[in-house]
Amino acid sequence: MNKYKVKILERNKKIEVDVPGSKSITNRALLMASLSKGRTVLKNVLFSDDSRYFLQALEDLGFEIEVNEPDKTVIVFGTGGIIPRDNVVIYTGSAGTASRFLTAMLGLSGGSYTVNASEQMKKRPMKPLFQALEQLGVQFEYLEREYFLPVKILGKKEGKQKAVLDIETSSQPLSALLMTGPMLPELEICVTGKKKTGSYVDITRRMMSAFGCTTDFDGVSYFIRKGSSYQKEEYQIEPDVSAACYFYGIAALTGGSAIVRNVHTDTLQGDIQFTKVLEKMGCDVEETGQGIQISAPKSGVLHGVTVDMNHFSDQALTLAALAVFADAPVKITNIGHIRLQECDRIQAISENMKRLGIRCDEGSSEITIYPGNTKTAEIETYEDHRVAMAFTLVGLGRKGITILNPMCCKKTFENYYEIIESLY
């Protein structure tokens, strides 16, 4: 499917859907299970491009894995921090989590490996992680550009157990080092810069605790205790809140309501903060036994808002799509780091708003969208799943919207358009 012509969705519709397991939690669980002692059963696993690259890499590295896609389960036989095979080439596609998590694991293993990736992933920043690993004694040969993939891991010198890291552009390197920390006798990670933590770091630490490894944080440095290890017989992966938010947004703009089954307010995932944004815009948010229910404003009007989205920036695109329908401008701030993701997402918002005939003011780390009438437009997705899924929302409320290369959504949500079709 090269194009998807979005159809107007009837108003006041009640939506109730299931979404896949969380990508962030799935890939963290796969890493920790592979480093665990013994057998771990993972339930509600996300099967998408990103997670399949992760699974294939683990299999290439010699891990014993049993996959049951219909049941959404994966059984991983962990090896306690020992990589079964040496001198292996792995390919991580466009998966940022797989690229960073597996690079850290292979680097700290002391073995020799090559990590290759897609052209898109080769452009994404890896320098903070590489520099931190070098401080820990890992040796690299950069095969194209320094501090970018692809890379050859040449082994590790002994003795270094402290690294300094800046997480302003991404917290994934910190999560990667924290999760692989039990491979070292002990580890201290000193975080420089203003940003010291984040919602995805919280997910990492809470999952590590569930797998039996406690982390300490003194406000500046994170510590992995001596003798730390993982062991977990079974782990249930939450539904993806990032995916759920698209359906909450659909309810908000079409005057209806939406329940995403099994998504609750006690989730690990920071994107749940998006429900607070919808409240500010006039929506009703209710916790039900089936899941959170979002209902459109009783007035029928979505209010303009100004929101700092630094800690749940995956929803910046979703909010931008809703801004088209608001009664006043929507300003999204503190999101400069999303310029460095699958595409420059601030620019993607700006360019697509121009195609729609919507005024948009773009800053280095913020963007303001002015609501208005839209014109017929083809949305350029830039091979970014979130651009495709978010701008689909505009087409559900306005005529004449076509999404180019829609199946880039397979990165995290391969049946997204099947679910959209089921809503008509």
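Predicted model: local features only at pLDDT ≥ 70, side-chain atom pairs only at ≥ 80, totals over all residues.
A residue is called buried here when its relative accessible area is under 20% and exposed when that area is over 50%, with partly exposed residues in between.

Side chains of opposite charge can pair when their charged atoms come close. In this model the count comes to 26 salt bridges. One of these joins Lys122 and Glu144, with 3.1 Å from N to O. The pair links distant parts of the chain, since Lys122 belongs to helix α4 (residues 119–122) and Glu144 to the loop between β8 (138–142) and β9 (151–156), 22 residues apart. Lys122 has a relative accessible area of 11%, which is under 20%, and therefore counts as buried. Glu144, by contrast, has a relative accessible area of 51% and is exposed.

A further salt bridge connects Glu16 with Arg261, where the closest N and O atoms are 3.0 Å apart. Because Glu16 lies in strand β2 (residues 14–17) and Arg261 in the loop between β15 (257–260) and α9 (274–280), this pair ties together parts that are 245 residues apart in sequence. Both partners are partly exposed: the relative accessible area is 36% for Glu16 and 26% for Arg261.

Glu188 and Lys162 also meet through their side chains in a salt bridge, at 3.8 Å from N to O. Here two strands are involved, with Glu188 in β11 (residues 187–192) and Lys162 in β10 (residues 162–166), so the pair ties together parts that are 26 residues apart in sequence. Lys162 is partly exposed, at 45% relative accessibility. Elsewhere, salt bridges that share partners join Lys23, Asp50, Arg124, Asp314, Glu342, Arg345, Asp384, Arg386 and Lys411 into one network.

At the start of the helix, a side-chain oxygen of Asp344 comes to within 3.3 Å of the backbone nitrogen of Ile346. The buried residues of α11 are Arg345, Ile346, Ala348, Ile349, Ser350, Asn352, Met353 and Leu356. Their cover includes the helices α10 (316–323) and α12 (385–397), together with the strands β20 (360–362), β21 (367–369), β22 (377–379) and β23 (401–404). Just after α11, Gly357 adopts a positive phi of about 80°.

Technical notes:
Residues numbered from 1 in each chain as written. Heavy atoms only, no water. Buried < 20%, exposed > 50% of the residue type's maximum accessible area, 1.4 Å probe, protein only. Helix = DSSP H or I, 4+ residues; strand = E, 2+ residues; numbered from the N terminus. Contact = heavy atoms within 4.5 Å. Polar contact = N/O pair within 3.5 Å; in protein donor to acceptor, adjacent residues only side chain to side chain. Salt bridge = Lys/Arg side-chain N within 4 Å of Asp/Glu carboxyl O.
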